[in-house]
Amino acid sequence: MEYEFSQDFTGPEARFSMGHEALGYWLTQEVGDRADKISSLFKALDNLTQGTAWDFEMEGFEYDLMLSRDDASVKAHSLNAGDEADLEEDMDFYDAESSARCGLEDFSSLLKDWAEFVGYSA
């Protein structure tokens, strides 16, 4: 999983390699540089790695995050609204940019990098 961060007049932005784009959208749109969200994510990661929690969910406006002791996944709300059965015969449902999954260790490293980039301090 490769990613890069940038900053412009709208705020911080995360871009991810193919297959993980949804993580970038989630990080940019749902977390941004909001200290309260970053703090709650670090607390959730601590609880999961220490074994005091089984999972963690963060509902967002467009994307939801689900953490388990093993992995992290992001899913767009739009995936729940559409139904593949409604598509015409020769059409495919494209959702590669709407969901992504990675290991919990990778997610933890990602969050640390993001927190440093946006200037978060605990």
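Contact here means heavy atoms within 4.5 Å of each other. Helices (H or I, at least four residues) and strands (E, at least two) are DSSP runs, numbered from the N terminus. Axes are lines fitted to C-alpha atoms, for helices over the stretch in contact, and angles run from 0 to 180 degrees between N-to-C directions.

This is a predicted model, in which local features need pLDDT of at least 70 and side-chain atom pairs count only at pLDDT 80 or more, while totals for chains, interfaces and linings use all residues. Residues are numbered from 1 along each chain as its sequence is written, and side-chain values use heavy atoms, without hydrogens and water.

Start with the sheet. It is open, with 4 strands in the order β3-β4-β5-β6 and antiparallel pairing; two strands pair if DSSP finds at least two bridges between them. β3 (55-59) and β6 (99-103) each have a single partner strand, so one side of each lacks a neighbour in the sheet. On average, neighbouring strands are turned by 10 degrees against each other, direction ignored. β4 (residues 63-68) and β5 (residues 71-76) are joined by 5 bridges, and Met66 stands opposite Ser73 in β5.

Now the helices. α4 (residues 104-118) packs on the sheet, touching β4, β5 and β6, and its direction makes about 100 degrees with that of β6. α1 (residues 21-31) lies across β3, β4, β5 and β6, at about 110 degrees to β4.

Is Leu111 buried or exposed? Leu111 has a relative accessible area of 1%, so it is buried (under 20%; exposed is over 50%, partly exposed in between, with a 1.4 Å probe and protein chains only). Leaving aside neighbours within four places in sequence, Leu111 is in contact with Ile38, Leu41, Phe42 and Leu45. Ile38 is 73 residues from Leu111 in sequence, yet 7.8 Å away in space, C-alpha to C-alpha.
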